[in-house]
Amino acid sequence: MDYLFNRFTRSHCMLPFPILNRFSLEVINEMRPFPRQECISTPYGTLITKPNVKGMLGGTVDLDCTFQPTETWYVMQWRKRLPNNDEEIILVNLPPKSESMKTGLFPPDVVLSPSWADENMKSRGRTNVGHNATSINFNIKLYDFECTDVGTYVCVVTGSSIISKTTEVGIVAVPGKPSINSELLRVEENFNFTLECVVSLGIPPAQVTWYVKHPDDQAFSVISSMIDPEDQKSETCVPVINQQIIASITEETSGSVFQCRVEGPLIENENHQYKDEITVETPEPIVTDAPYEVPCTGKNCNVNKTAALEYNGAQSKSSAIFTMATSIVILISTLALR
């Protein structure tokens with residue numbers, strides 16, 4: 001019975017008989033079918049909600065509902081409509097006190113206490129109920145807003161009939177900082193290379209653009225030829241892409257800085273946080289050891305490269321003769337000992 005009480009279909013808008021009290025709602029769920037029709041306002045009250053609201057991912061979202069009763073009513077509810085389904089899950093109930101059963105309004109000292117029907121929403125939601133001589137406000141603040149919270153929410157009032165108003169809840173998400181997998185890349189001159197930039201785009205999706213600044217440039221310039229982005233795995237409903245470019249450098253443009261930048265309305269005041277850079281340069285030339293130079297003393301200051309080579313060769317030859325002589329002496333000494 002609890003399961004039935006917590007689930008309704010949209011066909012329960014107008015009932016073919018009056019509800020005696022709020023507990024008779026349990027009986028209603030066992031009676032099928034009812035004529036299907038959309039909920040409309042009835043003479044016993046006016047219901048007001050915001051048609052559209054948006055919540056920041058990880059932040060909060062407010063659901064506001066105001067009821068102006070003119071006749072007896074039995075329960076107010078916030079429900080969530082299941083996607084691709086006619087069912088609505090009850091999130092929280094606001095039953096009235098006995099003092100209101102005849103007039104539909106409340107004395108000023110009456111405290112209304114909502115009761116949560118959905119445990120997930122109860123752990124993240126807070127209710128705010130207020131009333132005066134003409135209306136009742138039944139509001140919800142939902143914390144830690146998630147992708148799964150997006151959808152259609154319905155404020156419902158049940159009396160002799162049912163009236164309801166919907167609020168479409170959307171989501172907004174700030175983009176993530178772009179990430180290039182390195183800070184420095186060395187490539188050969190005129191060699192084509194690929195640079196990758198992984199970005200969480202946010203909602204609505206931000207724009208990802210590559211820029212380049214060559215050593216002689218005063219500022220970055222846009223790279224217009226970019227590869228179509230590749231979709232990456234995302235743990236949430238926020239899209240993640242890999243935006244690539246293919247480029248090359250020459251000896252003159254060695255040391256160019258390539259910048260991946262995220263741009264959008266949600267980050268206009270924080271552009272410095274939404275970019276990443278990589279420097280691309282050609283390899284440093286390989287330098288061999290310099291040949292031995294004859295010390296410049298006196299007449300030797302005019303020695304040329306040929307003389308230096310001859311000097312090096314002579315030194316090597318003398319060293320070889322000395323080594324050979326030493327080997328012969330060692331051999332003779334060994335034979336003498338025998």
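## Salt bridges

Let's start with a pair of charged side chains: R261 and E263 meet in a salt bridge, with N and O 3.8 Å apart. E263 is partly exposed, at 27% relative accessibility. Keep in mind that this is a predicted model. Across the whole structure, a search finds seven salt bridges.

D62 and K141 form a salt bridge at 2.8 Å, N to O. This pair links distant parts of the chain, since D62 lies in strand β4 and K141 in strand β10 (residues 136-142), 79 residues apart. D62 counts as partly exposed at 34% relative accessibility, and K141 is also partly exposed, at 29%. D64 pairs with K50, their closest N and O atoms being 3.4 Å apart. Here D64 sits in the loop between β4 (61-63) and β5 (65-69), while K50 is in the loop between β2 (45-49) and β3 (52-56), 14 residues away. D64 has a relative accessible area of 25%, and K50 reaches 44%.

There is a network to look at as well: salt bridges link R79, R81 and E88.

## A nonpolar surface patch

On the surface, M56, V174 and L266 make up a nonpolar patch with about 210 Å² of accessible area together. V174 belongs to the loop between β12 (162-172) and β13 (184-186) and is partly exposed, with a relative accessible area of 38%.

## The chain as a whole

The chain has four helices and 20 strands. Of its 338 residues, 36% count as buried. The accessible surface comes to about 20,200 Å², with 53% belonging to carbon and sulfur atoms. Among contacts with a separation of 6 or more, 63% are between residues 24 or more positions apart.

Conventions. Residues numbered from 1 in each chain as written. Predicted model: local features only at pLDDT ≥ 70, side-chain atom pairs only at ≥ 80, totals over all residues. Heavy atoms only, no water. Patch = residues over 30% accessible without salt bridge, like charges linked within 9 Å, V, L, I, M, F, W, Y side chains within 5 Å. Areas by Shrake-Rupley, 256 points an atom, 1.4 Å probe, with all protein chains shown as cover. Salt bridge = Lys/Arg side-chain N within 4 Å of Asp/Glu carboxyl O. Helix = DSSP H or I, 4+ residues; strand = E, 2+ residues; numbered from the N terminus. Buried < 20%, exposed > 50% of the residue type's maximum accessible area, 1.4 Å probe, protein only. Contact = heavy atoms within 4.5 Å.
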